[in-house]
Amino acid sequence: MTRRWIWLGLLLLTGCGGVAMEETAVSQALSQAVAPADCRTLAAQEPCDPRPQFAEYAADGQYDQFAWDLFLFVNWPAVPDERGVADGSQKLGKPAATAVWQTWKNVAEVYVAAGQTPLPWNSPIVSPLLETNMEIDGRLLTDKQGRPTLMQVNQNEATFDYIVNQRHLYSRAGQAAFFADPAAPPIEFPAEAIEVKAIWRILDAAEQQSGRYHVTEGCYTDDNGNKQCATLGMTALHLISKVQPHWFWATFEQADNPQTTNAPVLQPIAPAVAKLNEAMQTQVAGTPWQYYQLRGSQWSFMLGEQPVVLANTQIETQFQQSSSCMTCHAQSSIGAANSRAEMWDFAHGNVQGYVGNPPPFDNGKFKPLDYVWSLRRAK
Ligand code: HEC
């Protein structure tokens, strides 16, 4: 993984593969690992990692295109029983495929019981027990039949390695030690880090056959404490990538959500994003991915004078109009006795997210945790 990233960096330095390379083991591995330098077409139908070219996307203002390319990259069919490896012999949209991100570590495997150590990255893949989608404001999102939607947070190897092996942040004890040590370097995830937050819902037989969903078999615990398993369809995916210091943020939804779940749409999709969605949906026509749409991406707190607002109806359901991914995540921090900076702006009555430039941060009281909120799960 790390080695491959270095090769990708080398490729970038040499001009996106434009320079002829010797037929060494390295260049062979490269030609297998990445699609042609142009990540903006699906014609090649190979898994293509857009991250090494982020600077180029940014220079062209193509952030939403980057979001789509990253979305397709992490949703590529995975090599079975391996962690985080895209299967180049499979096509995107292969029916019933497990996506690469589903083979990453689930947060339950990272933030283990106090006193325990997480298993190494390559531990056997177990299908995670999905959590009912109790949103961060404490409200539960249900489908039209009143059943809970289900949630899953996963992290890739670079994220896992940084939290577990490099900085020991998986436990409260580790976070407390970081807070107490004035000499500890700041928390700064590596450029390869990616995390996702996915929402699923239970599909009926017709929906399972419809070809409109990325599907999986999943289990959860119902209200009575009984384990239930069902065929699920993905309704939403949050994606963050540390390609820039403040991370890059994007969120996708399945097109039928307004009809199938009890989530209103309170923020329109920007016209330019809608246009890109149409173009990309055409590229992936014939696969379930054609029924997914980017709601938008976020790469800065403000655009001109305007605070950036971005939400997923399935995840920030009730506070879509005061949802800024970056501003809220900037509050992720650790203080004394497992305290954290406040994520809600209570100045305006109801539950409101902070938007725009982050509120003043009490550096004496808290140390920032580089936007990663799942760290609050440490035990
Ligand atoms: C008001 C605060 C808030 C807003 C707004 C918000 N999030 Fe989060 N997010 C959280 C919290 C809290 C968690 C941790 C949930 C958990 O693991 O218990 C989280 C978890 C995540 C995760 C899992 C990785 C991690 O550990 O941080 C991703 C990915 C994510 N959010 C992306 C986004 C994106 C993309 C947006 C904007 C579309 C967004 N979030 C908006 C608070 C927020």
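Predicted model: local features only at pLDDT ≥ 70, side-chain atom pairs only at ≥ 80, totals over all residues.
Residues are numbered from 1 along each chain as its sequence is written.

**Overall fold**

- The chain contains 11 helices and 12 strands, where helices (H or I, at least four residues) and strands (E, at least two) are DSSP runs numbered from the N terminus.
- Of its 379 residues, 42% count as buried.
- Among contacts between residues at least 6 apart in sequence, 66% join residues at least 24 apart; two residues are in contact if their C-beta atoms, placed from the backbone, lie within 7 Å.

**Nonpolar core**

- The largest nonpolar core has 81 residues, and those touching the most other members are Leu 70, Phe 71, Val 74, Leu 239, Phe 248, Trp 249 and Ala 250.
- Such a core is a set of buried Ala, Val, Leu, Ile, Met, Phe, Trp, Tyr and Cys residues joined through C-beta atoms within 7 Å.
- Helix H4 supplies the largest share of this core, 8 residues.
- Leaving aside neighbours within four places in sequence, Phe 71 is in contact with Leu 239, Ala 250 and Phe 252.

**Packing of H4 and H10**

- Helix H4 (residues 63–74) and helix H10 (residues 271–283) pack at an angle of about 35 degrees, with axes 10 Å apart.
- The axes are lines fitted to C-alpha atoms, for helices over the stretch in contact, and angles run from 0 to 180 degrees between N-to-C directions.
- On the H4 side the contact is made by Asp 64, Gln 65 and Trp 68, and on the H10 side by Val 273, Leu 276 and Met 280.
- Val 273 is partly exposed, with 19 other C-beta atoms within 10 Å.
- Beyond its neighbours within four places in sequence, Val 273 is in contact with Asp 64, Leu 294 and Gly 296.
- Val 273 and Leu 294 are 21 residues apart in sequence, yet 7.0 Å apart in space, C-alpha to C-alpha.

- Helix H6 is largely enclosed by the rest of the structure, because 7 of its 10 residues are buried.
- The buried residues of H6 are Ala 158, Thr 159, Phe 160, Asp 161, Tyr 162, Ile 163 and Val 164.
- Their cover includes strand S1 (105–106), helix H5 (107–110), strand S3 (150–155) and S4.
- His 168 lies in the loop between helix H6 (157–166) and helix H7 (172–180), and its phi is near 50 degrees, a positive value in a residue other than glycine.
- Most residues other than glycine have a negative phi.
- Trp 247, in the loop between strand S6 (227–241) and strand S7 (248–254), also has a positive phi, near 65 degrees.
- Trp 247 is buried, with 23 other C-beta atoms within 10 Å.

**Ligand surroundings**

- The ligand is surrounded by 25 residues, of which His 238, Cys 325, Cys 328, Trp 373 and Ser 374 are the closest; a residue is counted if its C-beta atom, placed from the backbone, lies within 6 Å of the molecule.
- Strand S4 (194–202), S6, S7 and helix H11 (325–329) each give two or more residues to this shell.

Terms used:
Buried ≥ 20, exposed ≤ 12 C-beta atoms within 10 Å, placed from the backbone.
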